[in-house]
Amino acid sequence: MAVVGMAGVSFIGPREEIENIALALLKMENFEPMSPEVIMDAHPLSSRFQTFRGNPYDALLEKLDELWLKAGLPVFQCRIVDRVPSASLPELEAKIDQVTKKIEEWSARTEELRREYERWRAMLAFGDAIRETGRSLTDLPSAFCESVTIGTLTRENWRRLREASLAAPILAMPLMDEGRSEADKVTVIVFYNSDYREEIQKIFSSVHMYLFPAEGVGYGQYDKRDAVSYRMEAIEAERESYRDMPGRYAAENRFELAKLYETVYAKQRIFSLCQMGGDLSEMTVLAGWMPRKSFGEVRAIAEEKAPHALVISEDGDALEREGNELPTLLHNLPLVRRFQEIVRLYSLPSYSEIDPTFVVAVSFCLFFGFMFGDVGHGAALILGTYFLEKKKMMGPAIGSVMRIAGSFSVLFGFLYGSVFGNEELIPPMWLSPMHDVNEILPVSIGIGILFLTIGICFKIWNTVHKREWGEVFFSPEGVAGLLFYWLAVGQAAAVFTVPGWALGTVFFAAVMAFLFMLMIFGNGAAKLLFHGETVDEGGVVHVFSVFHAMLNFVSNTASFVRLAAFALNHVGLSGAVFMLGQMVENAPGGKLYCALILLLGHLIIIGLEGMIVFIQTLRLEYYEFFGKFYRGGGRDFAPVAWKK
Amino acid sequence: MSLGSGGLRVAEYAKARARRASLLRDEDFLLLLEQTSVGGIALQLGKSAYASVLRGHTLESMRRSELEFLLNVSILAEGVAFRHYAGLGDKKLLNLWLENFDIDILKEHFQTHVRSHVQTHIPAQTGSSEWGDYLDPGKMLNLVSDFRLTLIDQEKLSSSATLRDVLMSVKDESLRTALMEPLREWENSQTTEGRVFQRVAFSLGMVLDRHYLDSLYTAAAKLGGDEGRMMRMLVGTRVDLMNLYWIYRGRRFFGMSPEESLTSIMKARYRLDFGLLTRAAFADPRGMGAVLAGTPYERIFDVEGAENGSLYEVELERNIYKFLFAVAERVFLSGTPGFQNVGAYLVLKELEVRDLVAVVEMVRYKFAKDRIGLILVRTLRKEN
C-alpha cells in the first residue's frame, strides 16, 4: 500500500551477455530503461559512448507482418523464447528476402491479371455499346482504332479529365463507373484526333490514367461476346490461384515461418531494449529503474547468464535525493487498486511522496455512502453501472469504483433505514438523517476533523522523508499546525459540551498563542535549529500564508457539513418526488402519471444527485484532503515488456 | 446555437481580436530591416509576440533555417491555442485548417525520400521548405504541446523507411489512394533521373495541396449565415487564386498545354468558374490579367516588374498574398463572432510570418533593402 521502492540498476558487459540480460528483463517486465543521455550525463567518457540508431529488425518484422496479412493468417502471438536466437541479421534478411520476393512476384502477377481482366471487361462493355448501335467491332476501321484509348483512373481524376475534355478536342466517356468514393476506379474511353496524340498523352499522364495496351490491329478479337467472357473467366481463375498462393505457401511452410517470425520478433525486442543503452569501448551499457525487491532475482540471472557482466545497483531514495526523477509504481490491495484511478485523475504521486490511495478508497466509499445512503438507489446505481459498462459507455476503472460506491450506498441505506427515500419501510440500524439531524451533523464534522488530521500527518510524513525539518515542526501543516488545530477543536467542543467552559481559558489561549507565534517565526527558528534551511517567500507573505492556513482549518472543517447536508437533501428530494406522485394519484389516469413521476423522479435522483454526490466526494478528496499534503506530478513506471 | 456555444464564439472572437493586436507594426518591421544579422532579427523578435516560441534558444547566433522554422511553428502554436475556445464544430474546422502543417511534414518526407533516390543534387521544387531539417513531428510536438497530427499516423511516419511507407502513414484512404498514383509512376519508372523526380514531387505536392483546400472549402461551404459567407470568402478567394496560379505555373514553368494545366486545378470554385479558368489557361501566361477583367482578381497580374523576368513571379506572388491580406482584414472587420475570425487571424499571422521570412532572407543575403516593397505583403507606411 505504498509507492514501491526503486533501485537504479546498470549492466555493463559484452554485447552477447547484455542481450541475455535484456531477454530476462523483457520476461520479467519490471525494468524501465534510462535514456543514454541520462546514463552518461556529463561523464568524461560520454564522448566515447556510442548509441544505436534505428532497429534493423523493425523492417524485417514489418515484412513478415505483411506476409502474414497477405496470407490471411491470424496475428502471430510469439511465445517468450528461452535464449537469445543465434541467427545473424544478414542471415535473417536473406531468408525474409527469399520469402518476400516470392510474395512480390505473386502480387505483381495478380495485379497484372487484374488489369488484364479489367481490360477484357472494358472491351466487353465497349463491344456491347457498339452492338447496341447495330454494328460490330469488326466494322471499326483501323484509323478509328488508332484514335481511341481505353483506360482506368480514379473518380477524382475522371472528373478532372472530363473537365479538361471540355476545353480540348477530345471526347471522353465512361465505360464502367461502379463505385461511389473518390478513390474508386472508373474505366473510360477517350476519342481524339490523331494529330492530338502527343498532347493527349500528357493529359493522361497528369490524371494518372492507366492505359490499356493500344489496339492498333483493330478490335475484331473482342467481337465475339462468348469468347471474351470465356477469356475473362480464365483470367479470373488464374488470378484466383495467384491470390491464394501466399496462403498456400504459408500453410505448407508454417513451422519454418513461425520459427522465423519468432526469431525476428525476439531479436527485435532484445535490440529495442539494448538500443536504450549504448556501447563504450566494446562493452555494452544498459541502465534503468526496477523495483528494489526484484533486484536479487535479476542479479541471480545475471550471474548465471552473464558471468562477465558487471551489475551495479544504487538505492532509489539516494538517487532521488541527488535530483534524479524516479518513476512511480503503486502497490495496493486488489480492491484498493481500483481507486488508484481517482488519485491518478488528480495526479500520480511523485516517487518520494506517500501514496494516499488506501485512505482515498476508504474515505471515498464512506463519503459517498454517507451522502447517498439508500438501499434502492444504491442497488439501482450498481445495476446502471453494469449496464453502462456492458454498453462500453463507462470504462472498467471508473465502473468498478462506481460499483463499490453503490455498495456503500446500499450499506448506508440499511444504516439509515432508507429505501428509495422512504424511511418507513425498514428500521434504521444507526440513525435516520431526517429525524436525527442533531446527531448526524456532529458526526460529519467529526469525520472532517479526522480526515484533515490524516492529511496533516501525511504532510508530516512527506516532509520527514525529505528531511525538511523546519516544515515538519513549524509549518501550519506540520506538528505546530496540527497541535494548534486540535487545541482549537478541543476548545470548540468544550464550549458546546462542557457547561460553563469559557472560550478564552488562559492555558489553552497561551498554548495556542505560542504555537501560532511558532508558525509565524518558523522560518527563523528552522534556520537557527536546523542550519541552512531557507524559505524563498518573504516575511509578509509568510505571515499572510499562516493566517490563510488558519482560516483554511476553519473552512476545510466546515466543508464536511456537506456530508450531513447531502444526506438530508437525499431524503428531502425523494420526499418531494413522492409528494408530486401523490398529487396526481387521484386524477383520471392518476396511477399511471404517479408511476411515471416516481420513475422519472428517481431516475433524476440517481443520475443527477448521484453525479453531484460523486463530484462532492471528489471535492472533499482533492481539495480538503489533498490540499493539506499532496503535490503529485509523478511519472508512471513504464517497464519494457515482451509484447510490443 | 446553444448559450454555451454562443459564449465560446464570443470568447473565440475576443481572442482573435486580442491576438490580432499583437501582430507586428510597421515600426517593428522597419527596426528589423535595420538589423545586420539573423541573430539581430531573432533578438528583436524575442521582444515581441514571438518571444514564446523563441524562448530557450540562443538568439544571437541563431541560423536562418532555425529562425524560419520557429516562426512557422508560431502560426501553429497560435492556431492550437484556439482549440480551448472552439466548440465541437469549430474544433473540426480548426483541425482541418491546421492540417497544412501535416502536409508540410509530409512534403518534407517526400523530398527526403525522393532525394535519396536521386544521385545528383536537385533543387527543391515543390513544397520544399528551407526549414525542412526541423520539420520533425517530434520537434513540433515539443514546441507546441497540444499539437496532434490529424492527417498522418505519427508512429507510422516515424518508422517509415520508404516513400511508400510515408504514404501509408496518411490516414485518409482516398487521399492515400490519390497519392499512390504518382508514386506508382515513380516506382514503375525505376529511374533516378531528375526530371522524373521533379514530376513525382510536383504531383505529390499538388495532390496534397488540392486535398487541403478542397476539404477546407467543402467544410466552409457547409456553414450557414454570415459565418458561412465569410468563411467561403476567406477560403474561396485562396482557392480561386491558387487555381489561377497553378494554371500560370503549369503553363509557364512546366510546359503544360492549356488543357493539361486545367487538369491540375482543384474541384472547388468560388468566383471563377471553369469557363473563366479555361479562358485563363488558353491565354498567354503573362496576359492572364486581361481575361480576368471584371472579376475581383483583375489586378493580380498588374506587375510593375513585367519587363524583368526574375521579379515578375515575385511580384505576382506578392499581389496574390496582398489580395488575401485584404480579404482577411475585411473578414475581421465584419464584426460577427464566428470561426471566420480565427481563420482571418491565422491568415494574417501566416502572411506576417511570410514577410518576416522575406526580411530574414533579405538581411541574410544582403539584398538591396530599397526593393523590400516588391516582396512584402504589407505596405510599410514609412518605407519611403
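Guide: Start with M173(A). Its bridge partner in strand 7 of chain A is I189(A). This is a predicted model, so keep that in mind throughout.

Now stay with I189(A). Another residue, I150(A), also stands opposite I189(A) in strand 7 of chain A. Each of these two residues leads us to a strand pairing. Strand 6 of chain A covers residues 170–177, and seven bridges join it to strand 7 of chain A. These two strands run antiparallel. Strand 5 of chain A covers residues 148–154, and strand 7 spans residues 185–192. Strand 5 and strand 7 of chain A pair over seven bridges, in the antiparallel sense.

Next, move along chain A to its helices. Take helix 14, residues 357–371, and helix 16, residues 396–416. They pack at an angle of about 50°, and their axes are 8 Å apart. That angle makes helix 14 of chain A oblique to helix 16 of chain A. The crossing of these two helices is right-handed. Which residues of helix 14 of chain A meet helix 16 of chain A? They are F364(A), C365(A), F368(A), G369(A) and F370(A). On the side of helix 16 of chain A, the residues are I404(A), A405(A), F408(A), S409(A), L411(A) and F412(A). By class, this contact of helix 14 with helix 16 of chain A has nine nonpolar residues, two polar ones and no charged ones.

Helix 17 of chain A runs over residues 437–465, and helix 23 of chain A over residues 561–585. Their axes come within 7 Å and cross at roughly 140°. From helix 17 of chain A come V437(A), I440(A), L441(A), S444(A), I445(A) and I447(A). They meet V561(A), L563(A), A564(A), A567(A) and L568(A) in helix 23 of chain A. This contact of helix 17 with helix 23 of chain A has 10 nonpolar residues, one polar residue and no charged residues.

Look at one residue in this region. V443(A) sits in helix 17 of chain A. A564(A) is 121 residues away from V443(A) along the chain. Yet the C-alpha atoms of V443(A) and A564(A) are separated by 8.2 Å.

Now turn to the second chain. In all, 20 residues of chain A are in contact with 20 residues of chain B. Three helices of chain A each supply at least two residues of the side that touches chain B: helix 3 (56–70), helix 6 (155–167) and helix 7 (197–206). The largest share, seven residues, comes from helix 6 of chain A. Sorted by class, the side of chain A that touches chain B has eight nonpolar, four polar and eight charged residues.

Finally, consider chain B itself. It has 19 helices and zero strands. Of the 384 residues in chain B, buried residues make up 45%. Take the contacts in chain B with a separation of 6 or more: residues 24 or more positions apart account for 64% of them.

Terms used: Residues numbered from 1 in each chain as written. Chains lettered and ligands numbered in written order. Predicted model: local features only at pLDDT ≥ 70, side-chain atom pairs only at ≥ 80, totals over all residues. Axes fitted to C-alpha atoms, helices over the stretch in contact; angles between N-to-C directions. Helix = DSSP H or I, 4+ residues; strand = E, 2+ residues; numbered from the N terminus. Parallel < 35°, antiparallel > 145°, perpendicular 65-115°, else oblique. Left-handed = near helix turned anticlockwise from the far one by under 90°. Contact = placed C-beta atoms within 7 Å. Nonpolar A, V, L, I, M, F, W, Y, C, P; charged D, E, K, R; others polar. Pairing = 2+ DSSP bridges. Buried ≥ 20, exposed ≤ 12 C-beta atoms within 10 Å, placed from the backbone.
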